[in-house]
Amino acid sequence: MLIRDVAPEDHRAVAAMLVEAYAAGDTYCEPTDAGPDHALRGWLDHRVVRVAEDARGRGLAGTYHLGPNRFGPGAHVANAGFVVSAAARGQGTGRALAEECLRTARALGFRAMQFNAVVATNRPAVRLWHTLGFEVVGRVPGAFEHPAEGEVDLLVMHRRL
């Protein structure tokens, strides 16, 4: 799998992955009816945006964005978002993107990474973050309206880099 900076010719495929993830309504605090323009605007407005090319030549398998969690005195803590295409799930794409993102964050001088809203029922993501050294440092009860499970918690996860 090749992970590289996003290019303009990737925008359509990135938007399709984002729209699909947002429409599912089970992992992101974004409108489920978000269109490609809304999705791309928010995703591309970060310090680093990378994509993973599918090793079998079937297009893009995933994407991540990385930047400061806050600005000013909080700018040393990174934040990132990840989306893996439905076709690539369960094949190591998320882990590869996450490991590359952590290396990039360190190289950029970030000293920690924080995820502000990991949906507690997103078990693959929670498991991945735990295996990569993240801890739950906060829980917001019932802060996410899951389409099948109703109100579920959002987790704040953190690790030092």
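Is alanine 112 buried or exposed? I began with this residue and found alanine 112 buried, with a relative accessible area of 0%; buried means under 20% relative accessible area, exposed over 50%, and partly exposed in between (1.4 Å probe, protein chains only).

**Entry 1: basis.** I note that this is a predicted model, in which local features need pLDDT of at least 70 and side-chain atom pairs count only at pLDDT 80 or more, while totals for chains, interfaces and linings use all residues. Residues are numbered from 1 along each chain as its sequence is written, and side-chain values use heavy atoms, with hydrogens and water left out.

**Entry 2: alanine 112.** I located alanine 112 in strand S5 (residues 112-119); helices (H or I, at least four residues) and strands (E, at least two) are DSSP runs, numbered from the N terminus. Leaving aside neighbours within four places in sequence, I found alanine 112 in contact with His76, Val77, Ala78, His158, Arg159, Arg160 and Leu161, where contact means heavy atoms within 4.5 Å. I also looked up tryptophan 43, 69 residues apart from alanine 112 along the chain; their C-alpha atoms are separated by 21 Å.

**Entry 3: the cores.** I read a nonpolar core as a set of buried Ala, Val, Leu, Ile, Met, Phe, Trp, Tyr and Cys residues joined through side-chain atoms within 4.5 Å. The largest has 27 residues, and Leu66, Phe82, Met113, Phe115, Trp129 and Phe134 have the most contacts inside it. Helix H3 (93-107) and S5 are among the elements that each supply at least two residues of this core. The largest share, five residues, comes from H3. Leaving aside neighbours within four places in sequence, methionine 113 is in contact with residues including Leu66, Cys101, Phe134 and Met157. A second, separate core of 15 residues includes Leu18, Tyr22, Ala34 and Val51.

**Entry 4: helices H1 and H2.** I found that the axes of H1 (residues 11-24) and H2 (residues 36-44) come within 9 Å and cross at roughly 105°. Axes are lines fitted to C-alpha atoms, for helices over the stretch in contact, and angles run from 0 to 180 degrees between N-to-C directions. H1 is therefore roughly perpendicular to H2, a term that covers 65 to 115 degrees. Among the residues making the contact are Leu18 and Tyr22 of H1 and Leu40 and Trp43 of H2.

**Entry 5: the two sides of H2.** Which residues of H2 are buried? I listed Ala39, Leu40 and Trp43. Asp37 and Arg41, on the other side of H2, are exposed. What covers the buried residues of H2 includes H1, S2, S3 and S4.

Methods. Angles under 35 degrees count as roughly parallel, over 145 as roughly antiparallel, 65 to 115 as roughly perpendicular and the rest as oblique.
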